[in-house]
Amino acid sequence: MVSQRGRRTRVTPDADNAPTAEMPAVEATAEPEAVRAKSIPEAAVARLAVYLRVLSGLAEQGATTISSEELSQAAGVNSAKLRKDLSYLGSYGTRGVGYEVSVLVSQIERILGLTRKHKVAVVGIGNLGHALANYGGFPGRGFPVEALFDLDPDLVGVPVGGLPVSHLDEIPKVCAERQISIGVIATPPTAAQSVCDRLVAGGVQCILNFAPVVLQVPAHIEVRKVDLAVELQILSFHVARRADLAAHGNGGGDAAPKGAENGSVNGHGNGMVVR
């Protein structure tokens, strides 16, 4: 493995194929956690979120350890890349045993900032916003929905998922009072920038944007864009490519490996289109 400067670096030993022996622990004081988190590539961060989902499911089933090969297969990532990702956490497992599930869960949660709750506001209570407001999976993962907003007078004041809908004009005030850190925009594209400006004015630091527009935000605001039409177009490309391969007698043999289309193999994580 060659570093960016062209020098060879040591490859992390394979935790699955070596004799049983505990590997050296990484000193907790060797590298500050904030510095370590800052050095993790964004593609690896996306994969860490996938690993956490898999590991949390295993923990619920009572699993205590997992090998890198088992985790890589469950996450759709090759084992070498997985071990590289986990090395950013300072976690190298135990030879012949693998990784402790509970330890990995706590390490990933800490790096992803999930040791504290991130309050969420959903703006635009149409079909998508309704579904997001009622989704029960957010609170359990540390993302409680604490505020809802819409412009429709028939919706304002009406409870959705147990929360009354507030007017768009109240976004800055309500977000500041409730310490909302993540805003979800599920509005028509014409309203998205105005909503974004209000969220920023209310102290929101991160925005998940479902509207098919590019938002203009200050440099300190993080934005992730989810464009479902783009995702469908990407899938259409793969369907068309496989049809072409079959028509030429290839039988699909040159198609991408399983998992590549959803980003788990090529390192782009969850398929979101990032601004």
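## Phe149 and strand 6

Phe149 counts as buried, because its relative accessibility is 0%, and in this predicted model its place is in strand 6, which spans residues 145–150. The C-alpha atom of Phe149 is separated by 9.7 Å from that of Val174, a residue 25 places away along the chain. Phe149 is also one of the residues in contact with Gly124, once the neighbours of Gly124 within four places in sequence are left aside.

## The annotated binding site

An unreviewed UniProt entry places the feature "binding site" at Gly124, Ile125, Gly126, Asn127, Leu128 and Gly129.

Which side of the burial cut-off does each of them fall on, buried or partly exposed? Gly124 has a relative accessible area of 7% and is therefore buried, whereas Gly126, with a relative accessible area of 37%, is partly exposed.

The axes of helix 2 (residues 42–60) and helix 3 (residues 68–75) come within 10 Å and cross at roughly 105°. Since angles of 65 to 115 degrees are counted as roughly perpendicular, helix 2 and helix 3 are therefore roughly perpendicular to each other. On the helix 2 side the contact is made by Val50, Tyr51, Val54 and Leu55, and these meet Leu71, Ala74 and Ala75 in helix 3. By residue class, the contact of helix 2 with helix 3 consists of 7 nonpolar residues, with no polar and no charged ones.

The UniProt annotation "DNA-binding region", again from an unreviewed entry, covers residues 50–89. This span is 70% helix and 5% strand, and its end C-alpha atoms lie 15 Å apart.

Gly98 lies in the loop between strand 3 (94–95) and strand 4 (99–100), where it counts as buried because its relative accessibility is 3%. The C-alpha atoms of Gly98 and Ser68 are separated by 6.3 Å, although the two residues are 30 places apart along the chain.

Further along, helix 5 covers residues 101–111, and its buried residues are Val101, Leu104, Val105, Gln107, Ile108 and Ile111. Residues three or four places apart in an α-helix point the same way, because there are 3.6 residues a turn. Just after helix 5, Gly113 takes a positive phi of about 75°.

## His238 in helix 10

The place of His238 is in helix 10, which runs over residues 228–247. With a relative accessibility of 13%, His238 counts as buried, and its side chain makes a polar contact, at 3.3 Å, with the side chain of Arg241.

## The chain as a whole

The chain holds 10 helices and 12 strands, and buried residues make up 35% of its 275 residues. Among the contacts between residues at least 6 apart in sequence, 60% join residues at least 24 apart.

Technical notes: Residues are numbered from 1 along each chain as its sequence is written. This is a predicted model: local features need pLDDT of at least 70, side-chain atom pairs count only at pLDDT 80 or more; totals for chains, interfaces and linings use all residues. Side-chain values use heavy atoms; hydrogens and water are left out. Axes are lines fitted to C-alpha atoms, for helices over the stretch in contact, and angles run from 0 to 180 degrees between N-to-C directions. Helices (H or I, at least four residues) and strands (E, at least two) are DSSP runs, numbered from the N terminus. Angles under 35 degrees count as roughly parallel, over 145 as roughly antiparallel, 65 to 115 as roughly perpendicular and the rest as oblique. Contact means heavy atoms within 4.5 Å. Ala, Val, Leu, Ile, Met, Phe, Trp, Tyr, Cys and Pro count as nonpolar, Asp, Glu, Lys and Arg as charged, and the others, Gly among them, as polar. Buried means under 20% relative accessible area, exposed over 50%, partly exposed in between (1.4 Å probe, protein chains only). A polar contact is a pair of N or O atoms within 3.5 Å; within protein, one must be able to donate a hydrogen and the other to accept it, and residues adjacent in sequence count only if both atoms are side-chain atoms. UniProt positions are given in the numbering used here, feature names are shortened, and annotations may be inferred rather than shown by experiment.
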